[in-house]
Amino acid sequence: MTARRRDPRAERTARIVQTEPRRRLVLDPDAIAASSGGRPRRDPRARRADATLQTAPRLRLDWTGKGTGAAVSMSAPGRGQRAAPAAPPLRVIENPACLIFAALDRPDGALSAHDRQLLAAARLLADAVDGAVVAVAPDGADDWGALGADRVIPLPAAWAAEYAPERRAAALVAAIARWSPLHVLFPESPEGGDLARRVAAACGERLFAGVESLSASRVARRAGGGATELSCAPSRFLSIAADAVAPLGAVRHEARRLDPPETSPDAPKLREARRLPVDPDGVGLGEADFILSAGNGVTDWVVFADLGRALGATRAGSRVVCDAGHLPRDRQVGASGTVVSARCYLAFGIAGAPQHLQGVGGVERVVAVNTDLHAAMIKRADLAIIADAQAVMPALLRLAGEGGHG
Amino acid sequence: MVDVAILVSVGRHPASGQARRAPSDARALELAFGLPPGRRDALHAGDPTNPALRDYLGMGLERLTVLAMAEGRDPTDALAARLRGLSPGIILTGNQAEGGEDSGMLPYVVAQALGLAIVPDVVAIALDAEGRTAEVVQALARGQRRALRVELPFVATVHPAAPAARPSAFGPARRGRIEVVPVDAPPDAFLTACAARPWRDRPKRLSVGAAGGGTGGALERLRAATEAKAGQGRVLVEPSPDEAARAIWDYLQEQGMQPR
Ligand SMILES: Cc1cc2nc3c(=O)[nH]c(=O)nc-3n(C[C@H](O)[C@H](O)[C@H](O)COP(=O)(O)OP(=O)(O)OC[C@H]3O[C@@H](n4cnc5c(N)ncnc54)[C@H](O)[C@@H]3O)c2cc1C
Ligand SMILES: Nc1ncnc2c1ncn2[C@@H]1O[C@H](COP(=O)(O)O)[C@@H](O)[C@H]1O
């Protein structure tokens, strides 16, 4: 994007090979290309071309210098080549001053966003005192080094899926006794918070629970029914609230594995844990995982109800539907209803008014069935079907009844 | 028949700041009323003159024992000692107090002191015929439930999703007895070491374009704020109903929403 400004005088001096008896210059231009000095020269056209993300439907420019691959390929060769983001250098902490434990949740065997934030919090505390971050978690295929862990204490992988809070706590207590970390961090999630309290109680120490703001010298949390803020120097046991710390950027650490400590296999007191089937319509709309939603395009309410039951989805609707009394008011999705955070939202006959789309902003996957190709809901959808809802619903119901073998 | 002890604390109304019964403790008491009748001991450690304690009596409790101690004392030792004497089959508590330190540690410390199992986030308890073990239902995230079996005695913390507490009635609240037991409690050194000030909401941390979020910058934030989130739009135009149903079904399976 920037070309060298030419300096003819310097170029000329660089070409001189002989001054006696008379001056001689090299004529090969390649020999001098490298040596021409001078200030870098800006080429505004090339810069603009590099920053162009899209030209239709309207021009968009990105001056941050982090343009997309497409933009790079557009630029003239040899100019404006951006270096690919280099992998961060490996950081090895050989002799840490102390250890910071991060007891990760890994719910259902995958690292959650909260777990990443926890590692960032541990990193923050560790970097202030030249310590090392130790991830303590059920084993898995995660790249612990890229997540910011200097050491890993792997617990049995099976513990991620089963409910074994007592064994997890015993393993952590043993690890704490063996390595005596300076801080032990937990996520303040249902499972992580439980574990934190078990471990803190077993170690006979207090837990500073649900840290909302964290720095190396001070932690603060909400107390007194939400009215007061308690703050103190970071105590030994901390649990970190969700979204209190930003996750780490690109880092690379060593992630050396430590041997998990031996624990005596006590018979667990909580036994025979199993998930119970739940009535999807009994679940609050805000916490539902899978929502079947109806709009003004749905007229067959019997099939709609059957479909909800067959798919195990929580039923909901747009405002028009709730106004008409087809669904209770607490089942309304949208700005004046409930903002939902389901993983999957299956919408039949919903136009996708802005007030409705606000309610589905946090949804991961949207499937929309609508007769109108130009409905806003179709634009929002990951899978859009232009068809009559009254025809698709019974077909889907039949398919669900057969378990997918139709 | 099972002896139950309920630990109740004083809550704080989020808007007015008025002392009130703590909602999750009231639910714990409600759960205790649902268990087969045995001895029921409600315990509070703190100020016996607090009017909010009468709210618990108004739910139909005849007697509430208050371990009288000054503000800012650590109630755990006194409560554990008292519970050791009562040796109930089930100890019910709220899962987090409202108005105190609110760390939710107290049930765990009590369970540790008495050497009992602890079950968090309980919404229902069913005893077996001999009253030796109990089947307990826990509330999980996203409205899910988990059942497990635990031997008596145990400590259970009650989740806010447990059945709602009955309202407090004026007559029983007046008639109920508050039994005061003065106890010695050590000052809470951990809490006095903390600085307290009124809570002020902080700006919410943005997940897009935040430092360290990988991709970043103002452009990303602007985009997130101004553009409606667009799906990666696979569109099927006018398929037959069966084709459409098959496409939806396959997609749901792909997303793990339906059993394969
Ligand atoms: C202050 C305010 C707050 C609001 N808050 C909310 C809110 O919280 N939630 C909310 O949902 N709305 C809200 N609204 C209303 C919102 O603006 C829309 O009116 C409403 O969302 C439209 O609902 P709909 O998509 O179900 O109906 P319509 O707009 O009538 O759309 C029906 C759709 O179904 C399609 N259709 C018709 N027949 C069929 C068929 N046989 N098969 C398949 N598709 C078919 C049509 O093509 C159309 O796209 C609010 C409005 C205001 C003014
Ligand atoms: N002073 C107290 N007296 C009796 N029970 C209490 C007291 N403080 C807390 N508890 C119980 O312990 C639970 C958790 O409290 P906390 O650990 O303070 O969040 C509460 O819901 C109550 O059931």
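Student: Which strands of chain A does helix H8 (residues 301–311) of chain A lie across?

Tutor: Helix H8 of chain A lies across strand S17 (290–294), S18 and S19 of chain A, and runs at about 175° to S17(A). Helices (H or I, at least four residues) and strands (E, at least two) are DSSP runs, numbered from the N terminus. Angles run from 0 to 180 degrees between N-to-C directions, with axes as lines fitted to C-alpha atoms, for helices over the stretch in contact; contact means heavy atoms within 4.5 Å.

Student: Which helix of chain B packs on the sheet?

Tutor: That is helix H8 (residues 241–254) of chain B, which touches S17, S19, S20 and strand S21 (383–386) of chain A together with S13 of chain B. The direction of this chain B helix makes about 170° with that of S21(A).

Student: Before we go on, what kind of model is this?

Tutor: This is a predicted model, where local features need pLDDT of at least 70, side-chain atom pairs count only at pLDDT 80 or more, and totals for chains, interfaces and linings use all residues. Residues are numbered from 1 along each chain as its sequence is written, chains are lettered from A and ligands numbered from 1 in the order in which they are written, and side-chain values use heavy atoms, leaving out hydrogens and water.

Student: Back to the sheet: what's the strand order?

Tutor: The order is S18(A)-S17(A)-S19(A)-S20(A)-S21(A)-S13(B), an open sheet of six strands with parallel pairing. Two strands pair if DSSP finds at least two bridges between them.

Student: And which strands stand at the edges?

Tutor: Strand S18 (314–317) of chain A and strand S13 (234–237) of chain B do; each has a single partner strand, so one side of each is left without a neighbour in the sheet. From one strand to the next, the twist averages 15°.

Student: How many bridges join S19 and S20 of chain A?

Tutor: Five bridges, in the parallel sense, between S19 (residues 344–348) and S20 (residues 365–370) of chain A. A:Leu346 is opposite A:Val367 in S20(A).

Student: Switching to chain B: how many residues of strand S4 are buried?

Tutor: Six of the seven residues in S4 (residues 40–46) of chain B are buried. Buried means under 20% relative accessible area (1.4 Å probe, protein chains only).

Student: Which residue in S4(B) is the bridge partner of B:Ile6?

Tutor: B:Ala42 is that partner, and B:Ala42 also stands opposite B:Leu64 in S5(B).

Key:
Buried < 20%, exposed > 50% of the residue type's maximum accessible area, 1.4 Å probe, protein only.
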